[in-house]
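Reader: Before we discuss any packing, please show me the sequence and the model, and tell me how the terms are meant.

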Amino acid sequence: FEGDKLVVQKWLRLQATASDAHALNTVHNLLNHKCFEALNPNFIYSVVGAFAFANPLGFHQNNGDGYQFLSDQILHYDPLNASVAARLCKAYEIGNKLDTNRQRAIHQQLERILRTDDLSKGTYEVASKIANSFA
């Protein structure tokens, strides 16, 4: 099935949404998998987006590693494809519904994103709107 991009994307998504203790490690490994196309938005959404939007156990870890990972990916993709970065940033919209520690961790990551030089307008708008919703 390696030649069928849609099947590969579905497989990547299944892996990224697996709820286990090693979910973040799995996602890191998927980003380095030979089938992952790092510049293809659908592949990015299949791994990074699936992890952030559809793997609550992995993404909302108590230690904040899931949030740091997402912010790293947002900052990586922003200069390459600002629309992808802005869309990934929307995974933080749920933040104000979480406990105080997770809210604080998400807000710190949003502030980190907003402090970045040359951040795209779209990513800035999404991140600032979400950050302001914590007030």
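Author: Contact here means heavy atoms within 4.5 Å, and helices are DSSP runs (H or I, at least four residues) numbered from the N terminus. This is a predicted model, in which local features need pLDDT of at least 70 and side-chain atom pairs count only at pLDDT 80 or more, while totals for chains, interfaces and linings use all residues. Residues are numbered from 1 along each chain as its sequence is written, and side-chain values use heavy atoms, with hydrogens and water left out.

Reader: Against which helices do the buried residues of α7 pack?

Author: Buried means under 20% relative accessible area and exposed over 50%, with partly exposed in between (1.4 Å probe, protein chains only). By that rule the buried residues of α7 are Arg102, Ala105, Ile106, Gln109, Leu110 and Ile113. They lie on the same side of α7, because they cover an arc of only 135° around the axis, the arc being that of the directions from the helix axis to the C-beta atoms. The helices that these buried residues pack against are α5 (65-77), α6 (82-89) and α8 (121-132).

Reader: At what angle do the axes of α7 and α8 cross?

Author: Axes are lines fitted to C-alpha atoms, for helices over the stretch in contact, and angles run from 0 to 180 degrees between N-to-C directions. The axes of α7 and α8 come within 9 Å, and their crossing angle is roughly 150°.

Reader: Which side chain is joined to that of His60 by a polar contact?

Author: His60 sits in the loop between α4 (56-59) and α5, and it is buried, with a relative accessible area of 13%. A polar contact is a pair of N or O atoms within 3.5 Å; within protein, one must be able to donate a hydrogen and the other to accept it, and residues adjacent in sequence count only if both atoms are side-chain atoms. At 2.7 Å, the side chain joined to His60 in this way is that of Tyr67.

Reader: What is the relative accessible area of Ile74?

Author: Ile74 belongs to helix α5 and, leaving aside its neighbours within four places in sequence, is in contact with Ala85, Leu88, Cys89, Tyr92, Ile113 and Thr123. Ile74 is buried, and its relative accessible area is 0%.

Technical notes. Helices (H or I, at least four residues) and strands (E, at least two) are DSSP runs, numbered from the N terminus.
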